[in-house]
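This note sets out some points on the structure shown below, for a reader who is new to such models. Please keep the sequence and the structure in view while reading.

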Amino acid sequence: MRVVKLVNTSLLLPEVKKRITISVSNDISTDQRVQKQCRALQNEGYEIALYGRLLPNSKPVSRPYFMKRFKLLFNKGFLFYAALNTKLFFTLLFAKTDIYYANDLDTLPANYLASLLRRKPLIYDSHEYFTEVPEIQNKPLVKSIWKFAERVCIGRCAIVMTVSGSIAELLQETYGLEKVFLVRNLPYEKINIQPYSKGEIGIDQNQFLVVLQGAGINVDRGAEELVEAMALVKNTTLLIIGDGDALPLLKKMVGEMSLTETVIFKPKMPFDEMMRHTAAADLGVSLDKNTNLNYRFSLPNKIFDYALAEVPVLASDLVEVKKLILEFKIGEVLPEHSAKAIAQKLMELQADRSRLAEYKKNTKRLIESLNWQTEYKPVLEKMKTLG
């Protein structure tokens with residue numbers, strides 16, 4: 001008699017990867033948060049398609065997953081958001097995907113409609129408290145439209161996450177959500193940074209070097225007072241790295257106050273290069289003002305960038321920033337937001353190098369205690385349950 005051996009063919013089939021489309025309105029070459037998302041998801045076996053913008057000054061970028069960068073006719077205002085979401089919607093509607101992943105409210109409408117029509121799960125990552133950003137506070141109609149959009153779309157989201165505990169609580173209370181995941185802008189992992197010497201970036205080795213870095217160096221976020229403070233201190237150089245709408249004003253102030261030897265501007269640069277500059281500093285500053293709910297509850301990337309570079313922090317008195325600084329003792333909080341107060345604190349810290357050394361040591365403890373992979377893990381576990 002012939003014996004037929006049955007083979008479980010399912011064991012021979014290759015595992016099918018889940019496909020996920022990730023959308024962001026930023027330039028994908030410089031958005032650290034999105035890059036960390038993609039890295040973590042790819043390590044979990046997801047097949048990624050990332051959609052972002054191509055700006056006139058965008059740098060070429062190569063990543064081990066599919067990317068598409070949209071070139072839009074408009075770069076701000078209603079026409080920009082309309083063009084972005086229209087382009088995104090038709091792209092996402094016909095994309096081969098299992099999960100839609102929207103970064104920030106400005107990409108959520110397109111993802112919501114595509115996920116609704118395709119009956120696919122939707123994930124929403126709120127990078128800030130978008131409906132309270134300063135740019136729309138004096139535009140009640142625009143603000144009401146964004147609030148309506150978030151209220152309609154967020155109820156369909158299988159997962160909602162955000163960047164600070166306070167914003168997570170606000171989203172939960174405002175929209176009656178069961179859970180909003182906290183995923184702060186932590187480093188993905190500890191990396192070895194080879195800092196430039198002060199001489200290599202054109203600064204005298206004996207100068208006290210203060211750095212302000214980031215992609216959002218905008219008007220009324222403390223940079224103006226910081227430049228004014230530079231006229232009140234000695235043996236101190238300010239290095240400003242990045243981009244933002246405040247830069248023309250800051251450069252004008254530097255010229256008018258004869259501070260061209262004291263304040264140095266560097267353009268937006270790749271993350272690794274920026275961190276080499278940052279690591280050369282004696283102190284990093286984050287001076288957002290408590291002028292709106294978004295700033296009040298923010299926890300900027302630069303705080304964690306400074307810690308990763310082992311640079312102590314001087315920051316304005318904001319809820320989440322203050323909590324982190326005091327918990328890990330990585331720096332100090334300004335008692336008030338004025339050029340005089342900033343200058344006084346800079347001189348105080350410059351004179352107390354032992355205190356700075358203690359803060360510097362504590363930045364290592366923060367990075368050893370907190371990282372993106374640990375904080376993002378609950379999101380990844382929840383994603384496994386999505387059908």
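1. At a relative accessibility of 35%, F74 counts as partly exposed, because buried means under 20% relative accessible area, exposed means over 50%, and partly exposed lies in between (1.4 Å probe, protein chains only). F74 sits in the loop between β3 (66–70) and α2 (77–93); helices (H or I, at least four residues) and strands (E, at least two) are DSSP runs numbered from the N terminus.

2. A word on the basis of these values. The model is predicted, so local features need pLDDT of at least 70 and side-chain atom pairs count only at pLDDT 80 or more, while totals for chains, interfaces and linings use all residues. Residues are numbered from 1 along each chain as its sequence is written, and side-chain values use heavy atoms, with hydrogens and water left out.

3. Together with L73, F78 and L79, F74 makes a nonpolar surface patch of about 490 Å². Patches are made of residues with over 30% relative accessible area and no salt bridge, with like charges joined within 9 Å and nonpolar side chains (Val, Leu, Ile, Met, Phe, Trp, Tyr) within 5 Å. Accessible areas come from the Shrake-Rupley method with a 1.4 Å probe, and for residues only the protein chains shown count as cover.

4. Side chains of opposite charge can pair when their charged atoms come close. The structure holds 21 salt bridges, each being a side-chain nitrogen of Lys or Arg within 4 Å of a carboxyl oxygen of Asp or Glu.

5. One of these salt bridges joins the side chains of R184 and E375 (2.8 Å, N to O). The pair links distant parts of the chain, 191 residues apart: R184 is in the loop between β7 (181–182) and β8 (208–214), and E375 is in helix α14 (residues 372–383). R184 counts as buried at 16% relative accessibility, and E375 counts as buried at 14%.

6. Another salt bridge is formed by the side chains of K198 and D282 (2.7 Å, N to O). K198 lies in the loop between β7 and β8, and D282 in the loop between α8 (271–278) and β11 (283–286), so the pair ties together parts that are 84 residues apart in sequence. K198 is buried, with a relative accessible area of 8%, and D282 counts as buried at 16%.

7. Elsewhere, E332, K345, E348, D352 and R355 are linked in a network of salt bridges.

8. D104, although not a glycine, has a positive phi of about 75 degrees; D104 is placed in the loop between β4 (99–103) and α3 (108–118) and is buried, with a relative accessible area of 9%. S258, also not a glycine, has a positive phi of about 55 degrees. S258 is found in the loop between α7 (247–256) and β10 (263–266) and is exposed, with a relative accessible area of 61%.
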